[in-house]
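Let's take a friendly look at a protein model together. Have the picture open as you read.

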Amino acid sequence: MSEETQMDTLAYSSRMLSWAPLGKFLFVIAILIVNIVTSSMMVPFVTLAIGLSMMASSTNFKIPFFVGLALAEAILILAIGSGMISITGDKADPAIWDTHLLWFDIYMTHESFNKAWLVMFRGVAGMSVMISFATSTPIPHLSQALKQIHMPREVSELIVLIYRYGFLLLERMDAMWEAAHCRMGFNGFMNTMRTTASIAVGIFTSSSNLADKAQIALDCRNYQGYFPIYNTPPRLGIKWIAVTVIAFVLIYLFGMYTEDWIDMAELFFGGSL
Amino acid sequence: MTDYLFETENLTYSYSTRQPRPSLDSVNIRIRRGVRTAILGANGAGKSTLFYHFNGIFKPVSGTVKYAGKPLDYSRNALSELRNDISVVVQNPDEQIFSATVEEDIAFGPMSAGIDKEETERRIQDSLFKVGMEEYRSRPTIQLSYGQRKRVAFAGALAINPKVLVLDEPTAGLDPQMSQEVIELVEQLCVSGTTVIISTHDVDLAYAWADEIHVLREGNLIYSGEPESFFADYSAVASAGLVLPHTFSINNSVQGICGGRAEPYPRTNSQILCKMLPEGSRAGKIRMIPVTDSVPDSGDEGISSGIYGSVTRRLFKLAGREPDFHFNAIEYCLMEAIGGKDSVLYFDAPLKDRILEIIGRMEAFGRKIEVVM
C-alpha cells in the first residue's frame, strides 16, 4: 500500500469513524480558536492534551511515516519562526539579550521570548488536534458533512471525485516512478530532473485520459449528476454543540485564570531579569 | 420471428472527423435475447465502441441502433431507463469504481435508480454474495487488489438487476481461478434470464462459452454466427488478428495425425478426450447433489468432489469443507468420468438443467456420461 493511502486506511480504521464528522469538525475548530484567543501558556497544554487523547482514542497514535515526517518538518519550521519572533523584540522594552550578528540586530525582550514560546506551543498543540481530526475522518465523510451544512452539491461531489481519482493518479505516479527506477531514470542529477519532469507530464496526460474514461464509466452506471450516499454518517446533534460550547467556555475561563502561571523568560533567565 | 435484443443498421461512428477511417464502419449486427454472445476482435477492432452504442453512451454518426426492436431514444430520461436495463462493466475496474467503500459503490446504481434503502441493502448483500466479497463490504475500494476491484465492479453492475449485462474483457488481468469464477457467475446469470454479452480477444474463452460470436476487424463486422464456422476459416481468423482456440487446434492436429472427422468440434478438453477414447472404454458416473440451504453429505468417501454455483461455494466455505474441484468443476468431473472414475458434483439447484445440458453434450463426442441424481 502506498503511503498516500495509509492515511485513508487509518481514517477508516479509526475508533472515532462513527462520530459525526461535523461534530468533530466543530469541536476541533472551537479548540483551535480558543487556543489562539487566550494568551495563557497553559491553554496550549490543555489543547495538546485534548489532541493527544483524541489521537490515542482514535488510532493509538498510529500515524503514517510520511505524516510524521511532515509533522517534524512543521515543528522545525515553527521552531525557526518562534526563534525569529524571540529575537525581534520591541526596542522600547528592556532587552534580556542583545547582540549584533552579521547584518542583524538581535534584540530579545521578556515579551518577545514569551510570545515565541506561546506561538510554538500553540502551533504544536493545534497540529495534534488537527491530526486527530484528519486521521479519524475520511474525505467522503467530510464531503457528506459539507452536504449537511448545505454546501453547494458541486463542491462536495468535486471533493469526492478529486479524492477518488487523486489516489488513482498517485498510484499511476508510483508505477511510473518505479518503472523509471528500473530504467536507470534517476542516475545522476540531470537525469533525475529529466525523469521527474517526464513523470509530471505523463501524470498530466494520464489525468485527462482518466477523466475521459471516467466520464464514460459514470454514464455507463447511469450517473444522474450526484453521488447518492448509502451510509450517511451521523448528523451534528445538540450533544456535539453542547460539548463544543462547554469545552470552549471552560478552556477560555481556564486561560483567563492561568494567564500568568508560566513565564518562560523567568524560567530560562531567572535571576538575570 | 427471431427476438433480437440489439440490432444495428449501417452503424458508423468516428471519434473525430480527422480519423482516416471510422471506428465502426456500417456495422449490421443482430444480437439475440438469451443467447450467450461473444464479440471478438483484436485490440482496436471497435468492440468497446460498439458496446457504448448499446447503452447510448455514443450516438452513431450514421445508421441506427435498436434495442428490443425500437430505435434508441437519446433523451435524458430514455437513456436513464435504458441504462437501468443494460449494465456495462468496463475492462478497467478503476474507471468504474468511484465510491470510497465497497458497499457505497455497489449501492450507487440502485440508489441512482431511486430504489429504496431496504431493497438496496438486499441487493448489496446479494451482489456481494454472488462475487464472494461479503467480508470486504465496508473496506475502502482503494485498498483492494485488482482482482477484488474487478469483482466489486461486477457486483455494482449486478446490483441494478440488469436485463442485459455487457462485459468488456471480463477475465483480463484476473488469475485463472478468478476467471473461472467469473465464467461460473456469468453462467448463473444466463440461467436466471439475463442476456450476457462478452467482449474479448480471449479466443479460448469465447469458443468454450459462446453460442454465437460476432467478429470485428478494424471497425467492420466480418462474421456473425456459430464459433466453429469462423474458426474453420484460418485466413479469416488470422486477418481478424486472432488465433485458433487451443481445443480447436488440438482437434485439428489429432484429426491430421489419427485421421477421422474434424466434426463435431470439441470446445473443451473433456470433449477432446472423449473423442479420442477407444471404443468400449468404461466411463465413470457423475453423482449430482443439489444444494439449497445446507451441504448434504454424499456418503461417497474417497470419490473426488466438485462444487458449482455461488450458493454451494458459500455453504462449503461456511461448513469448512474442501472440495477437490473448486472451479470449473463440471469439466473436472467430466474428465474424471472419461478416466473411468466416479465423482460427485454439488451444485446450486437452479443450475441443474444447464449442467445436464453440458454433460449431455458428451454424447455427440461418442460417450454418454451417466448421471446419478
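## The largest pocket

Which helices of chain B each supply at least two residues of the lining of the largest pocket? They are α7 (176-191), α8 (203-209), α11 (246-258), α12 (269-276), α14 (329-338) and α15 (352-360). Among these, α14(B) gives the most, with six residues. Helices here are DSSP runs of H or I with at least four residues, numbered from the N terminus.

The pocket has a volume of about 830 Å³. Its lining holds 32 residues, and Q180(B), A208(B), T268(B), N328(B) and E331(B) lie nearest the centre. The lining divides into 14 nonpolar, 10 polar and eight charged residues. Ala, Val, Leu, Ile, Met, Phe, Trp, Tyr, Cys and Pro count as nonpolar, Asp, Glu, Lys and Arg as charged, and the others, Gly among them, as polar.

## Two helices in chain A

Helix α4 (residues 65-86) of chain A packs with helix α5 (residues 110-134) of chain A at an angle of about 160°, and their axes are 8 Å apart. α4(A) and α5(A) are therefore roughly antiparallel (angles over 145 degrees count as such). Residues in contact (heavy atoms within 4.5 Å) include L71(A) and L78(A) of α4(A), and F113(A) and M127(A) of α5(A). This contact comprises 14 nonpolar, four polar and one charged residue.

## About the model

This is a predicted model, where local features need pLDDT of at least 70, side-chain atom pairs count only at pLDDT 80 or more, and totals for chains, interfaces and linings use all residues. Residues are numbered from 1 along each chain as its sequence is written, chains are lettered from A and ligands numbered from 1 in the order in which they are written, and side-chain values use heavy atoms, leaving out hydrogens and water.

Terms used. Axes are lines fitted to C-alpha atoms, for helices over the stretch in contact, and angles run from 0 to 180 degrees between N-to-C directions. Angles under 35 degrees count as roughly parallel, over 145 as roughly antiparallel, 65 to 115 as roughly perpendicular and the rest as oblique. On a 1 Å grid over the protein atoms alone, a cavity is a set of points where a 1.4 Å probe fits but cannot get out, and a pocket is an open set with protein on both sides within 12 Å along at least five of seven lines; lining residues have an atom within 4 Å of a point. Grid points are joined across faces, edges and corners, and a volume is the space filled by probe spheres set on the points.
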